[in-house]
Amino acid sequence: PLNGAGRDGGRPARASELVPVNRRRRWPWILAAALVFLLVSGAAFTVWGTSVLGLRRVEVALRTGAADEQLAAEVRAAVALPDGVPLVRINLSDVRARVQQIPEIDRAEVARRWPNDLVITVRPRTPSAVTSANGALWLLDSGGHPYTQLAGPPPPGLVTVNLSTPGPADLATLAALDVVGAMTAEFRRTVAGVSALSAHDVTVTLLDKRTVLWGGPADGARKMQLLPALLAAQRGSVYDISDPGMVTVRP
């Protein structure tokens, strides 16, 4: 008769022998998970907490070529990031905002280039004219921004524009720049200055003291086409081409 003894001669089963086989097989998976965790944690620490993938160089370039050394130095100074700071922790938007505060720069793009570079591509402002403000001469870009104060005379080829409140939100400024933009390079060399009292009242003064009442910026190409022939054909002191269909000349 059965009396509780096992088939192996009556020895009762030990507790250790009752552990399920599945539990015995879990330890390799636990070890693998621990290894994966350690690898991921180490990689994250390397990227976020060390200088292995940290900043080593700030490269500055124009959209159409290499930036000059002075501008590149200004950009690097504006970036102001310590050497070795992890690239992943750099806020690209903040860097772009700091670079775009440089007066000579219109726009900037910032990107990481692994493993250790920050690449900043800039578009400098292009001077379209010169204006006077606060007792000094300033370069004006095509958007009407007075962005750089001049220490000397205006650069050759740039027309001086007289404005009451120069700026990108001033309609008279934008109208004057449109008029300057409609001029040929040859005609600009004969211009002493441009003044704009409003968006529809732009006057061009020539080096020989003659005055051209240009009016508004509309029909700029047509006005520029007829003006040289008009100046050559008719003597006068004031040429009104504000309406190119009804030109008048005053003595």
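Trainee: How many helices and strands does the secondary structure come to?

Mentor: Seven helices and 13 strands. Helices (H or I, at least four residues) and strands (E, at least two) are DSSP runs, numbered from the N terminus. Keep in mind that this is a predicted model, where local features need pLDDT of at least 70 and side-chain atom pairs count only at pLDDT 80 or more, while totals for chains, interfaces and linings use all residues. Residues are numbered from 1 along each chain as its sequence is written, and side-chain values use heavy atoms, with hydrogens and water left out.

Trainee: OK, and what order do the strands have in the open sheet?

Mentor: The order is β7-β6-β5-β8-β9-β10-β11-β12-β13, nine strands with mixed pairing. Two strands pair if DSSP finds at least two bridges between them. At the edges sit β7 (146-149) and β13 (248-250), each pairing on one side only. On average, neighbouring strands here are turned by 30 degrees against each other, direction ignored.

Trainee: What holds strands of a sheet together as pairs, anyway?

Mentor: Backbone hydrogen bonds, and the pairing can be parallel or antiparallel.

Trainee: So do β8 and β9 pair in the parallel or the antiparallel sense?

Mentor: Parallel, over two bridges, with β8 covering residues 160-162. Val 161 has Val 194 in β9 as its bridge partner.

Trainee: Which strands does α5 lie across?

Mentor: Helix α5 (residues 171-182) lies across β5 (127-133), β6 (136-141), β8, β9, β10 (201-206) and β11 (211-215), and runs at about 145 degrees to β9. Axes are lines fitted to C-alpha atoms, for helices over the stretch in contact, and angles run from 0 to 180 degrees between N-to-C directions. Helix α7 (residues 220-233) packs on the sheet too, touching β10, β11, β12 (238-240) and β13.

Trainee: New topic: how many residues are in the largest nonpolar core?

Mentor: That core has 28 residues, and Phe 187, Val 194, Val 204 and Trp 214 have the most contacts inside it. A nonpolar core is a set of buried Ala, Val, Leu, Ile, Met, Phe, Trp, Tyr and Cys residues joined through side-chain atoms within 4.5 Å. Its largest share, six residues, comes from α5. There's also a second, separate core of 21 residues, which includes Leu 71, Ala 78, Ile 90 and Val 110.

Trainee: What is Val 204 in contact with?

Mentor: Leaving aside neighbours within four places in sequence, its contacts include Val 179, Met 183, Phe 187, Val 194 and Trp 214. Contact means heavy atoms within 4.5 Å.

Trainee: And Gly 215, is that buried or exposed?

Mentor: Gly 215 counts as buried because its relative accessibility is 6%, and buried means under 20% relative accessible area, exposed over 50%, partly exposed in between (1.4 Å probe, protein chains only). You'll find Gly 215 in strand β11. Ser 242 is 27 residues away from Gly 215 in sequence, yet their C-alpha atoms are 4.3 Å apart.

Trainee: Where does Thr 190 lie?

Mentor: In the loop between α6 (185-188) and β9 (191-198). Thr 190 is partly exposed, because its relative accessible area is 34%.

Trainee: Last one: of the 251 residues, what percentage count as buried?

Mentor: 32% of them.
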